[in-house]
Amino acid sequence: MNCIIVDDEPLARAEMQSLILEVSKINILGTFSNAPAALEFLKTNAVDLIFLDIEMPLVNGLEFAKMLPKDCLIVFTTAYSQYALKSYELDAIDYLLKPIEKPRLEKAIEKAILYHQLLSQGTVKNTVESNNKEFLFIKADRRFYKLNFDEIKFIEGLKDYVVIHTKTQKLITAMNLKTIHQKLPAEIFSRVSKSFVVNLNSIDSFDNHTIYIDESEIPLGEVYRSAFFTAYSGGSLNLEV
């Protein structure tokens, strides 16, 4: 798996390169101080993953992310937490706050490797065929698999696909998040951001900005917050933003 680092601060680039080499064997093809230089490199080099700073001169990381090929995965690296929600709207697979800790970086790289493997399996053949009040039928390799709703923890939008996170596996399906959400019972599943639908029964805890399910931290979008509070608590919560 090939990656590059894009950050306007020389020390930050060096620290990120050193951390990556400590926690993973992914191949670092280069480091860049600005988005235009990285974009020029991408024209002639195959890059699977970009560690991308946000506040940079010339072109910021959020604008640069919109220019990237669909098969290029993004992990944002920044000192500013306020961009987190926006980053997931751009299909970033993770968002790391500086100073970045080794365990957190390792987790992000493991996720990137998994998603790269899922997306590299050629044409995604998994499809949602039908549903009733208790389960979906997933078709994969000419076989039908029954997926009970109580097995689904949450569903993540990823580029042109969705990743269904169950208690035992991750299934990638060629479908957008809105379509699969319409096939799920509204009393169990709630849309909580542009990129996530969660099973209300799987939630461990939450605050005004984040939902926690096992080890996953799921962003809670501002436009979805009120509906989520109502769905989860029956209107008994009235948290101040």
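## Buried rings

A residue is called buried here when its relative accessible area is under 20%. In this predicted model, Phe32 and Phe41 are both buried.

## Aromatic pairs

Searching the whole structure turns up 10 aromatic pairs. Take Phe32 and Phe41: their ring centres are 5.0 Å apart and the planes meet at 50°, so this pair is tilted.

Phe206 and Phe229 make another tilted pair, with 5.8 Å from centre to centre and 35° between the planes. This one links distant parts of the chain, since Phe206 belongs to strand 14 (residues 205-206) and Phe229 to helix 7 (residues 222-233), 23 residues apart. Phe229 has 6% relative accessibility, so it counts as buried. Phe206 and Phe229 also share one aromatic cluster with Phe228 and Tyr232.

There's a charge-over-ring contact to look at, too: Lys146 puts its charged end over the ring of Phe135, 4.5 Å from the ring's centre.

Five strands build an open sheet with parallel pairing, in the order 2-1-3-4-5. Strand 2 (27-32) and strand 5 (94-97) sit at the edges with a single partner strand each, so one side of each has no neighbour in the sheet. On average, neighbouring strands are turned by 20° against each other, direction ignored.

Inside the sheet, strand 3 (residues 49-52) pairs with strand 4 (residues 73-78) in the parallel sense, over four bridges. Ile50 stands opposite Ile74 of strand 4.

## Helices on the sheet

Helix 1 (residues 10-23) lies across strand 1 (2-6), strand 2, strand 3 and strand 4, and runs at about 175° to strand 2. Helix 5 (residues 102-119) packs on the sheet as well, touching strand 3, strand 4 and strand 5, with its direction at about 165° to that of strand 5.

How values were computed: Residues numbered from 1 in each chain as written. Predicted model: local features only at pLDDT ≥ 70, side-chain atom pairs only at ≥ 80, totals over all residues. Heavy atoms only, no water. Phe/Tyr/Trp six-rings, centres within 6.5 Å; stacked < 30°, edge-to-face > 60°. Buried < 20%, exposed > 50% of the residue type's maximum accessible area, 1.4 Å probe, protein only. Helix = DSSP H or I, 4+ residues; strand = E, 2+ residues; numbered from the N terminus. Lys NZ or Arg CZ within 6 Å of the ring centre and 35° of its normal. Pairing = 2+ DSSP bridges. Axes fitted to C-alpha atoms, helices over the stretch in contact; angles between N-to-C directions. Contact = heavy atoms within 4.5 Å.
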